[in-house]
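Got the viewer open and a selection tool ready? Here's a short walk through the model, one stop at a time.

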Amino acid sequence: MQTVSAHLDELERLVDTAGGIVVERFTQERRAPDPATFVGAGFVDRIGEWCHGNAIQTIVFDEDLSPSQVRNLERRLDDQVKILDRAAVILDIFARRARSREAQTQVELAQLTYLLSRLTRRWSHLSRQDGGIGTRGVGETQLEIDRRLISVRISHLKQKLKVIEKGRRLRRERRQTQSSIALVGYTNAGKSSLFRRLTRADVLVEDQLFATIDPKAKQVSLGEGVLAVITDTVGFIRKLPHHLVAPFRSTLEEAVEADIVVHVVDVSEEDWESQRCIGEEVLEGLGVDPARVILVLNKIDLLPGGACVDHAPDNRIFGVSAVSGAGVDDLCCRLRSALISAAGVTIVKVPLAQKEMVERAVRLPHRLAQHFQENSVEVAVRISQGRLAELGLDIYRVDEWEGSQ
Ligand SMILES: Nc1nc2c(ncn2[C@@H]2O[C@H](COP(=O)(O)OP(=O)(O)OP(=O)(O)O)[C@@H](O)[C@H]2O)c(=O)[nH]1
Ligand SMILES: [Mg+2]
């Protein structure tokens, strides 16, 4: 029951973000959902009466409803009340928030896919009544035409997204010489706040679900001369039907190709562990190697007595507050060392006595970090092995970065 109320709290926040006002909650305990109306028919009637008496326009279900369930429910309520499910509310929020051409295209694609799944079954139902004889073409009903038009629009949008994605991919490949970090996590975990703190960029931070729909990338200086490109992403949420997230997946897939994936979890939430699990499942589904993931438990300032989060022995978990800045320096330090030891980074260590080689090393393009020691200089650099060999620096390659980070 505790989980149910937590889920309904979240649904209430979603409705609020979508611009609705929640007036009442109803729950029914059943062994299995009713195939026709999800909840029992008598229960629907009771809610219907209540809605009628209180001039309520919309009922939102926390679970995914099938198209025929929506239809049956609306009929049973004499088409006086609109029935929505969680996915429909989320899509509405996405549509309000999308700003960039890419996000708008992704949202439209998700909406039409959702609509199409609803039209298809209704159409097959109605076409039987029609007897297949149409006036608008060979056996076509209006719904069939709608369905066809939607399918055409869907393939057009998919095509458009491919072009946008290709452009983004090319731009990213050109940047390949830069290190990258992706911020991911449950909606409202504080990804944008951390992005803002790290980059000092003015991005939207709001105590609302899905504040970020358009991923943002920006260069960040992590101290000690280490630079990286950091990306803020769309948040995760439980019970989001798979076909809806598909359009957003490619953006996320690309973000998590980053050298380091920072998984942000709001540790002040009662069910933060389950939000963490949802995040881990998504990352696993995207094929992200856990070795590349750093877990950040955010909002430690809200923990009773400002409790500290113990660092895991392998330095993969950090407690921070994006708002107060607590723990952020430690995190930056960890990010620096993680970036230096990421795949694609080579470390060369040249004795200071080798003056000419030292000159070459400290002038290498795409240097990530550089550190002078008593008798040598260390340089971490993103460079091809071939180029390193051409410069004669490959003999100075070392496995470990020893300098300060
Ligand atoms: N007290 C406290 N609040 C925080 C902290 N970090 C973020 N918040 C608040 O949490 C809310 C959500 O923050 P965002 O940064 O927008 O979260 P997000 O993960 O980007 O959320 P979406 O873009 O909606 O997925 C805002 O009201 C922030 O002010 C923190 O460390 N402490
Ligand atoms: Mg955000």
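One term before we start: a residue is called buried if its relative accessible area is under 20%. By that cut-off, Arg382 and Asp259 are both buried. Keep in mind that you're looking at a predicted model.

Select that pair first. Arg382 and Asp259 form a salt bridge, with their closest N and O atoms 3.3 Å apart. Arg382 sits in the loop between strand 11 and helix 12, while Asp259 is in the loop between helix 8 and strand 6, so the bridge ties together parts 123 residues apart in sequence.

Now pick Lys299 and Asp266, another salt bridge, at 3.0 Å between the closest N and O atoms. Here Asp266 belongs to strand 6 and Lys299 to the loop between strand 7 and strand 8, 33 residues away.

For a contrast, jump to Glu12 and Arg25, whose side chains meet in a salt bridge at 2.9 Å, N to O. Glu12 is in helix 1 and Arg25 in the loop between helix 1 and helix 2. Glu12 is partly exposed at 31% relative accessible area, and so is Arg25 at 34%.

Last stop: ligand 1. Show the 23 residues around it, with Lys191, Ser193, Ala211, Thr212 and Asp301 the closest. Helix 7 (residues 191-199) gives the largest share of this shell, three residues.

Terms used
Residues are numbered from 1 along each chain as its sequence is written. Chains are lettered from A and ligands numbered from 1 in the order in which they are written. This is a predicted model: local features need pLDDT of at least 70, side-chain atom pairs count only at pLDDT 80 or more; totals for chains, interfaces and linings use all residues. Side-chain values use heavy atoms; hydrogens and water are left out. A residue is near a molecule or strand if one of its heavy atoms lies within 4 Å of it. Helices (H or I, at least four residues) and strands (E, at least two) are DSSP runs, numbered from the N terminus. A salt bridge is a side-chain nitrogen of Lys or Arg within 4 Å of a carboxyl oxygen of Asp or Glu. Buried means under 20% relative accessible area, exposed over 50%, partly exposed in between (1.4 Å probe, protein chains only).
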